[in-house]
Amino acid sequence: MREHSLDLPTPEKWGEGLLSIPEGEILELEVRLESVHEGILVSGTVDTTATGVCGRCLIDIDEPVEVEFQELFAYPGMEASDFDVQDDHVDLENLVRDAIVLSLPFQPVCQPDCPGLDPNTGERLTKSTDDTEQTPVDTRWAALQQYTPDDGDALRAAPKTEKS
Ligand SMILES: [Zn+2]
């Protein structure tokens, strides 16, 4: 049994969705190779960073990706397998790429409650107070807006501060 830690760049862009791994992004691999009767059992984890855009508001985002993988690389002629040991080597590229690409979300978001884009202006909505200020007030309650709980206290407090 052998264990390897490898840092390798992606040979090309991986993934076609809103999030992908850019070409040259570093893949941090922890790989364990175990000799079994039929071949070599490969297992491990890969850490990298996916970049792309939020599916709702289209802002640029990046997201950490960590996936596990495991596959038996069969010795040639042993049994039908998607992966073979070739010239005493195992080629992990397809295995790692598929594990990563399948883990990428179809609808990535910049934050779980991303409000998205304004349907009228196309501007990115934010959680600022603008939203609440623009909310129309029910006219039956509008008159109450001039009364706030602090008004009375403020009027009583004001003369005192002037005298002192
Ligand atoms: Zn967003």
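Helices (H or I, at least four residues) and strands (E, at least two) are taken as DSSP runs and numbered from the N terminus. Two strands are regarded as paired if DSSP finds at least two bridges between them. The structure is a predicted model, in which local features need pLDDT of at least 70 and side-chain atom pairs count only at pLDDT 80 or more, while totals for chains, interfaces and linings use all residues. Residues are numbered from 1 along each chain as its sequence is written.

The protein chain contains four helices and five strands, arranged along the sequence in the pattern β-β-β-β-β-α-α-α-α. Its average pLDDT (the predictor's confidence in each residue, from 0 to 100) is 84, and 76% of the residues score at least 70. Over residues 129-134 the pLDDT is below 50, and this stretch has zero contacts in the model beyond near neighbours in sequence; a contact requires the C-beta atoms of two residues, placed from the backbone, to lie within 7 Å. For residues 160-164 the pLDDT likewise stays under 50, with zero contacts beyond four places in sequence. Where pLDDT is low, the predicted coordinates should not be read in detail.

The strand pairings are as follows. Strand E1 (residues 2-9) pairs with strand E3 (residues 26-35) in the antiparallel sense over eight bridges, and Asp 7 has Glu 28 of E3 as its bridge partner. E3 also pairs with strand E4 (residues 39-53), again antiparallel and over eight bridges. These two strands, E3 and E4, form a hairpin with three residues between them. Across this pairing, Leu 29 is the bridge partner of Val 46 in E4, and Arg 32 stands opposite Ser 43 in E4.

Two bridges join it to strand E2 (residues 19-20) in the antiparallel sense, with Thr 51 in E4 as the bridge partner of Ser 20. The hairpin formed by E4 and E5 has six residues between the strands, and Leu 58 in its turn has a positive phi of about 70 degrees.

Of the 164 residues of the protein chain, 15% count as buried. A residue is classed as buried if 20 or more other C-beta atoms, placed from the backbone, lie within 10 Å of its own. A nonpolar core is a set of buried Ala, Val, Leu, Ile, Met, Phe, Trp, Tyr and Cys residues joined through C-beta atoms within 7 Å. The largest such core has 15 residues, and those with the most contacts inside it are Ala 50, Val 96 and Ile 100. Two or more residues are given to this core by each of E4, strand E5 (60-74) and helix H1 (93-103), with the largest share, four residues, coming from E4.

Not counting residues up to four places away in sequence, Ile 100 touches Trp 14, Ile 21, Val 46, Thr 48, Val 65 and Val 67. Val 65 lies in strand E5 and counts as buried because it has 21 C-beta neighbours inside 10 Å. Leaving aside neighbours within four places in sequence, Val 65 is in contact with Thr 48, Thr 49, Ala 50, Ile 100 and Ser 103. Val 65 and Ser 103 are 38 residues apart in sequence, yet 8.0 Å apart in space, C-alpha to C-alpha. For the protein chain, residues 24 or more positions apart account for 54% of the contacts with a separation of 6 or more.

Terms used
A residue is buried if 20 or more other C-beta atoms lie within 10 Å of its own, exposed if 12 or fewer, and partly exposed in between; C-beta atoms are placed from the backbone.
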